[in-house]
Amino acid sequence: MFSKELQIMDHNTATYMIDELQEELDTTKEQLDTTKEQLDIANSMNLKKDDTISSQAEEIIRLRQLLADKGVEA
């Protein structure tokens, strides 16, 4: 009888520990999902900035060429 009770306690303890680990895993997954969303937003913003910088660089080249065509040094 004593052995059966210990076996039940061991089973319940293992079940409890598994439940606790699953909760921890779920929380960690949520945090990772949130971090991924934040990284995706940051990457999107960086791509927009890169596009803006490229556009501005092209405009600078165009304006320098216009100045050069008019004989003005930039």
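Asp 40 is partly exposed, at 40% relative accessibility. In this predicted model, Asp 40 pairs with Lys 36 in a salt bridge, with 3.0 Å between the closest N and O atoms. The two residues are four apart in helix H1, so about one helical turn separates them.

The search of the whole structure returns three salt bridges. The table lists them.

| Acidic residue | Basic residue | N to O distance |
| Asp 33 | Lys 29 | 3.0 Å |
| Asp 40 | Lys 36 | 3.0 Å |
| Glu 59 | Arg 62 | 2.7 Å |

Asp 33 and Lys 29 are also four residues apart in helix H1, which puts about one helical turn between them. Glu 59 and Arg 62 sit in H1 too, with a spacing of three residues, again about one turn. Side chains of opposite charge can pair when their charged atoms come close.

How accessible are the paired residues? Asp 33 has 35% relative accessibility and counts as partly exposed. Glu 59 is at 33% and is partly exposed. Arg 62, at 43%, is partly exposed as well.

H1 runs over residues 2-69. The helix has 68 residues and reaches 99 Å from first to last C-alpha. That is close to the 100 Å expected at 1.5 Å a residue. After H1 comes Gly 71, with a positive phi near 80°.

A patch of negative charge is made by Asp 19, Glu 20, Glu 23, Glu 24, Asp 26 and Glu 30. Glu 23 lies in H1. Its relative accessibility is 48%, so Glu 23 counts as partly exposed. Patch members must have over 30% relative accessible area and no salt bridge.

A nonpolar patch is found as well. Phe 2, Leu 6 and Met 9 make a nonpolar surface patch of about 340 Å². Leu 6 is part of H1. With a relative accessible area of 38%, Leu 6 is partly exposed.

Is Leu 21 buried or exposed? Leu 21 counts as exposed, at 52% relative accessibility, because the cut-off for exposed is over 50%. Leu 21 lies in helix H1. Leu 21 and Leu 6 are 15 residues apart in sequence. In space, their C-alpha atoms are 22 Å apart.

Notes. Residues numbered from 1 in each chain as written. Predicted model: local features only at pLDDT ≥ 70, side-chain atom pairs only at ≥ 80, totals over all residues. Heavy atoms only, no water. Patch = residues over 30% accessible without salt bridge, like charges linked within 9 Å, V, L, I, M, F, W, Y side chains within 5 Å. Areas by Shrake-Rupley, 256 points an atom, 1.4 Å probe, with all protein chains shown as cover. Salt bridge = Lys/Arg side-chain N within 4 Å of Asp/Glu carboxyl O. Buried < 20%, exposed > 50% of the residue type's maximum accessible area, 1.4 Å probe, protein only. Expected span 1.5 Å × (residues − 1). Lys, Arg positive; Asp, Glu negative; His and termini not counted. Charge placed at Lys NZ, Arg CZ, Asp CG, Glu CD.
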